[in-house]
Amino acid sequence: MLPEEEKEDLGVELAKLEDEISTLRQVLSAKEKHLVEIKQKMGITPLNEIKHNLSKSWHDMQTSVINSPAFKSFEEQVETTVSSLKCKVGVPAHSSGSFEDVLNSTANASVQESISGNRSTKDIEFF
């Protein structure tokens, strides 16, 4: 147990802290009311704030994803795969054929090779 004198000191300190907290709450409440008044005068509504916050968050998320190392790595892997597919079907790697065009060319080449009997579909490597 605590000595009586220390209990009294702690009681006084506790009362001071509670009083300070109460004062701070009153000041914060007054400032929040003033903030609402200023926003009303400026025509800022809660809906406008939500729209702005969502828009900013969406933009920040897109920027962080695009600039992330994981996205860069994925992007490089896709480019490497597309280049590899272009080489396998005889399209120059630097050509501007779309990924869909490359896949179609690969599928057509595979079908023609299967029909001619040169390769079975088991031998076809896509990646």
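Me: Is Glu49 buried, partly exposed or exposed?
Reply: The model is a predicted one. In this model Glu49 is partly exposed, because its relative accessible area is 29%, and the buried class requires a value under 20%.

Me: Which residue does the side chain of Glu49 meet in a salt bridge?
Reply: The partner is Lys39, and the N to O distance is 2.6 Å. This pair links distant parts of the chain, with Lys39 in helix α1 and Glu49 in helix α2, 10 residues apart. Lys39 is partly exposed, with a relative accessible area of 23%.

Me: Why can such side chains pair?
Reply: Side chains of opposite charge can pair when their charged atoms come close.

Me: How many salt bridges does the structure hold?
Reply: There are 2 salt bridges. One of them joins Asp60 and Lys56, with the closest N and O atoms 3.0 Å apart.

Me: Where are Asp60 and Lys56 in relation to each other?
Reply: Both residues belong to helix α2; they are 4 residues apart, so about one helical turn separates them.

Me: Let us step back. How many helices and strands are there in the protein?
Reply: The protein has 4 helices and 0 strands. Read from the N terminus, the order of elements is α-α-α-α. Helix α1 covers residues 4-42, and helix α2 covers residues 46-66.

Me: What percentage of the residues count as buried?
Reply: Of the 127 residues, 7% count as buried. The accessible surface of the protein is about 10,800 Å², and carbon and sulfur atoms hold 59% of that area.

Me: And the contacts: what share comes from residues 24 or more positions apart?
Reply: Such residues account for 10% of the contacts in the protein that have a separation of 6 or more.

Me: Now the surface. Which residues form the negative patch?
Reply: The negative surface patch consists of Glu4, Glu5, Glu6, Glu8, Asp9 and Glu13. Glu4 is located in helix α1.

Me: Is Glu4 buried or exposed?
Reply: Glu4 is exposed, because its relative accessible area is 55% and the exposed class begins over 50%.

Me: Which residues make the nonpolar surface patch?
Reply: Trp58, Met61, Val65, Ile66, Phe71, Phe74 and Val78 make this patch, which has an area of about 630 Å². The elements that give two or more residues to the nonpolar patch are α2 and α3, the latter being residues 69-88.

Me: Which element gives the largest share of the nonpolar patch?
Reply: Helix α2 does, with 4 residues.

Me: One last point: where is Phe74 placed?
Reply: Phe74 is placed in helix α3.

How values were computed. Residues numbered from 1 in each chain as written. Predicted model: local features only at pLDDT ≥ 70, side-chain atom pairs only at ≥ 80, totals over all residues. Heavy atoms only, no water. Buried < 20%, exposed > 50% of the residue type's maximum accessible area, 1.4 Å probe, protein only. Contact = heavy atoms within 4.5 Å. Areas by Shrake-Rupley, 256 points an atom, 1.4 Å probe, with all protein chains shown as cover. Patch = residues over 30% accessible without salt bridge, like charges linked within 9 Å, V, L, I, M, F, W, Y side chains within 5 Å. Salt bridge = Lys/Arg side-chain N within 4 Å of Asp/Glu carboxyl O. Lys, Arg positive; Asp, Glu negative; His and termini not counted. Charge placed at Lys NZ, Arg CZ, Asp CG, Glu CD.
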